[in-house]
Amino acid sequence: KTFCQKNQKIILLQNLGSITFSVLASGGTPQIIAASIPGHNNVIFSLVKETSDNLIEGFEGTYSTSAPEQGTFNLVLSRKLGKYGGHSRKNGDNSYNDISGSLQGPTIKSEDGKDIGTLTEDAIEGSFKNSEGYDVEFSAHRTL
């Protein structure tokens, strides 16, 4: 396996930073080599391969709990594969939690198979009780 001879540096629009990306000629083993995005420390990357018959959609959203707690989340999903995954972060926190689950039509299910929300064309919303017993409400809109 040989990587591209030179890593490809992508300059984000409007001088928002840069990402250096590497991938095999076959499209395998994608990697983020380096990233610089001003104002965004501890950036988390999830690399997902999209194919002509498997569209990957990106969503950004917010959540709030009865704890009270508020935060943000980002996720990617494939309607064809019926899966989603991403990360959530409490406002003001540096750590994050992984989130994942499945889709059955418009129904969003948690990892343990519970119905927690609804997916429409470009939006997600829902609610559930977390492992600590707090009510959680969330909503997101499609960005990619």
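**The barrel and its core**

Eight strands form a closed barrel in the order 4-5-6-7-8-9-10-11, paired antiparallel. Strands are DSSP runs of E, at least two residues long, numbered from the N terminus. Two of them pair if DSSP finds at least two bridges between them. On average, neighbouring strands of this sheet are turned by 25° against each other, direction ignored. The angle is taken between axes, lines fitted to C-alpha atoms; angles run from 0 to 180 degrees between N-to-C directions.

This is a predicted model: local features need pLDDT of at least 70, side-chain atom pairs count only at pLDDT 80 or more, and totals for chains, interfaces and linings use all residues. Residues are numbered from 1 along each chain as its sequence is written, and side-chain values use heavy atoms, with hydrogens and water left out.

Look at one pairing. Strand 8 (residues 107-109) runs antiparallel to strand 9, joined by three bridges. Lysine 109 has aspartate 115 of strand 9 as its bridge partner.

Now the core. The largest nonpolar core has 14 residues. Such a core is a set of buried Ala, Val, Leu, Ile, Met, Phe, Trp, Tyr and Cys residues joined through side-chain atoms within 4.5 Å. Buried means under 20% relative accessible area (1.4 Å probe, protein chains only). Phe59, Leu75, Leu77, Tyr84, Ile108, Leu119 and Ile124 touch the most other members. Strand 4 (57-65), strand 5 (69-78), strand 9 (115-119) and strand 11 (135-142) each supply at least two residues of this core.

Finish on leucine 119. Not counting residues up to four places away in sequence, leucine 119 touches Phe59, Leu77, Arg79, Leu103, Pro106, Ile108 and Ile124. Contact means heavy atoms within 4.5 Å.

Note on methods: Buried means under 20% relative accessible area, exposed over 50%, partly exposed in between (1.4 Å probe, protein chains only). Helices (H or I, at least four residues) and strands (E, at least two) are DSSP runs, numbered from the N terminus.
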